[in-house]
Amino acid sequence: MQRRPVIVINFGSQYVQLIARRVRELGVYSEILNWDSTLEEIREKNPYGIILSGGPASVYSPSAPLPPEGLFSLGVPILGICYGLQLIAHLLGGRVEKADSQEYGRARLRVLKGDPIFEGTPNEFDVWMSHADRVTILPAGFKNLASSTGSPNAVIADQKKKIYGFQFHPEVSHTDYGKELLKNFVFNICGAEKNWQMGNFVEEKVEEIKERTKGKRVIAALSGGVDSTVASVLVHRAIGDRLMCFFIDHGLLRMGEREEVENSLKGLGLPLKVVDAGRLFLKRLKGVEDPEEKRKIIGNTFIEVLEDEARKVKEAEFLLQGTLYPDVVESAGIRGSAKIKTHHNVGGLPEKMNLKLIEPLRDLFKDEVRELGRILGIPEHILSRHPFPGPGLAIRIIGEVNEEDLDILRRADRIFIEELKKERLYNHIWQAFAVLLPVRSVGVMGDVRTYEKVIALRAVESRDGMTADWVRFDPEFLDRVMRRIINEVRGVGRVVYDISSKPPSTIEWE
Ligand code: XMP
């Protein structure tokens, strides 16, 4: 039986998947469709409701993405967020104008009229705004339900037709009561019933994978990280030993990582072959400094090595990848989003790959993947591992990568992680690591002038890697890590701590 979704229509917002995920967190299935989907495609899904996402365009721009005609007459409840709200106003006969000043960040929302959309919220609370245009005249049938200083029409609604618009973003954690607002839309306005939990996802995916692979074999590239491990265990559950896993040691791993990964994957019963390809990767990276170039070389070499291995497996037709949603968004796999970085598991794939892709986690965020892993019985020490980027230490050595620097970085990183585990801080942090900078700095050790390399420590809190903030460590802790690194790692003369958030910086340095 088809599961009724709340559909999110994507107009190019970085947050589109976050909206879908918030709805799923409420226990209701949610799906994303692109703005150019047809009315028929939408109708066929029999949605409980439709959410129009934000987006970078202005409704007046000639290239503004517009929803299919007839969307507002479907009789399905609609919620427009930011650009979605402006679309509602613009297309139903209201007016949208450029605001005198853009409104970014926190704003105070004042509720003017009671409505089921505000159940459980106070009369005033903070919301997160990010827009340049604003609604100045409401379409016929609409009421103004709430306002903020910069946006007099911050919440509007045609209560009879159940069409709502928010100028702010209820999906981001900076909006107080954002969860309540979405919950109210989904249950009070749409009348949705709970129909989604991770257990369903496992059953569905297992069936889908069986059906799609039809007796053929699947090749998996395992990194030992959470994503590829969960993806492999899921596929293994569906097709057993028709799955063949490869762990490619690209020579850019952390200290002791290869052995650790090999042991834990074998412990999970996965059919595994370890491929030693470090030399090839390092040869190709020689002299390369540009981060995107490094990513592409690693991505391409990785696929090449994997294809070589795959050729030896008879009837291999599919390649499994643990791609997650943030990878897809940030590599602009979603039409309309801006490209931030080429993520190794998406951008590096050569067009003419001889294997078809299976990406069962493509719609999930990291914490959803961990939850899935628990349902699949994967041990906690694997699930709680910090994310590690596909290109490995190559994007943590700024500039050219060579053996000597890899060795320095590995030692420093190892100390940092060891100390975090010792202090029981590791599991409370999204990601922590060391970065080797291509600068030398002057120091003095035992009365002698030194001129050595700089290690930057990075540790961030995050829910999904899309936004992040630096961890406020006790200075004594940082002091201990600094001392150990400078005393124990030859070639390092200075340690700095990175206090950049994302945005404006990214988590990795490259
Ligand atoms: P950024 O640096 O973009 O990182 O803020 C967000 C998250 O993604 C990881 N990351 C990558 N993962 N291939 C990956 O598989 C990549 O090329 C890559 N670049 C960044 C990063 O470690 C963080 O968790």
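Which residues line the second largest cavity? In this predicted model, where local features need pLDDT of at least 70, side-chain atom pairs count only at pLDDT 80 or more, and totals for chains, interfaces and linings use all residues, the lining consists of Ser223, Gly224, Gly225, Arg254, Glu257, Arg385, His386 and Phe388. Residues are numbered from 1 along each chain as its sequence is written, and side-chain values use heavy atoms, with hydrogens and water left out.

Cavities were located on a 1 Å grid over the protein atoms alone, as sets of points where a 1.4 Å probe fits but cannot get out, and lining residues have an atom within 4 Å of a point.

One of the lining residues, glutamate 257, belongs to helix H7 (residues 257-267), where helices (H or I, at least four residues) and strands (E, at least two) are DSSP runs numbered from the N terminus. Glutamate 257 counts as buried because its relative accessible area is 2%, the class being set at under 20%, with exposed over 50% and partly exposed in between (1.4 Å probe, protein chains only). When its neighbours within four places in sequence are left aside, glutamate 257 is in contact with Arg385 and Phe388, contact meaning heavy atoms within 4.5 Å. A polar atom of the glutamate 257 side chain also lies 2.7 Å from the backbone nitrogen of arginine 254. The C-alpha atoms of glutamate 257 and arginine 237, which are 20 residues apart along the chain, are separated by 25 Å.

An open sheet of five strands, paired in parallel, has the order S12-S11-S10-S13-S14, two strands being paired if DSSP finds at least two bridges between them. Its edge strands are S12 (272-276) and S14 (356-358), each of which pairs on one side only. Neighbouring strands of this sheet are turned by 30° against each other on average, direction ignored, with axes taken as lines fitted to C-alpha atoms, for helices over the stretch in contact, and angles running from 0 to 180 degrees between N-to-C directions. Within the sheet, strand S10 (residues 217-222) and strand S13 (residues 316-320) run parallel and are joined by four bridges, and isoleucine 219 has leucine 319 in S13 as its bridge partner. Helix H5 (residues 198-213) packs on the sheet, touching S10, S13 and S14, and its direction makes about 170° with that of S14.

A further open sheet, with mixed pairing, is formed by nine strands in the order S2-S1-S3-S4-S9-S8-S7-S5-S6. Strand S2 (30-34) and strand S6 (124-137) stand at its edges with a single partner strand each, so one side of each is left without a neighbour in the sheet. Strand S3 (residues 49-52) pairs with strand S4 (residues 78-81) in the parallel sense over three bridges, and isoleucine 50 stands opposite isoleucine 78 in S4.

Leucine 280, located in helix H8 (residues 278-285), is partly exposed at 28% relative accessibility. Residues up to four places away in sequence not being counted, leucine 280 touches Thr301 and Val305.

Methods. A polar contact is a pair of N or O atoms within 3.5 Å; within protein, one must be able to donate a hydrogen and the other to accept it, and residues adjacent in sequence count only if both atoms are side-chain atoms. On a 1 Å grid over the protein atoms alone, a cavity is a set of points where a 1.4 Å probe fits but cannot get out, and a pocket is an open set with protein on both sides within 12 Å along at least five of seven lines; lining residues have an atom within 4 Å of a point.
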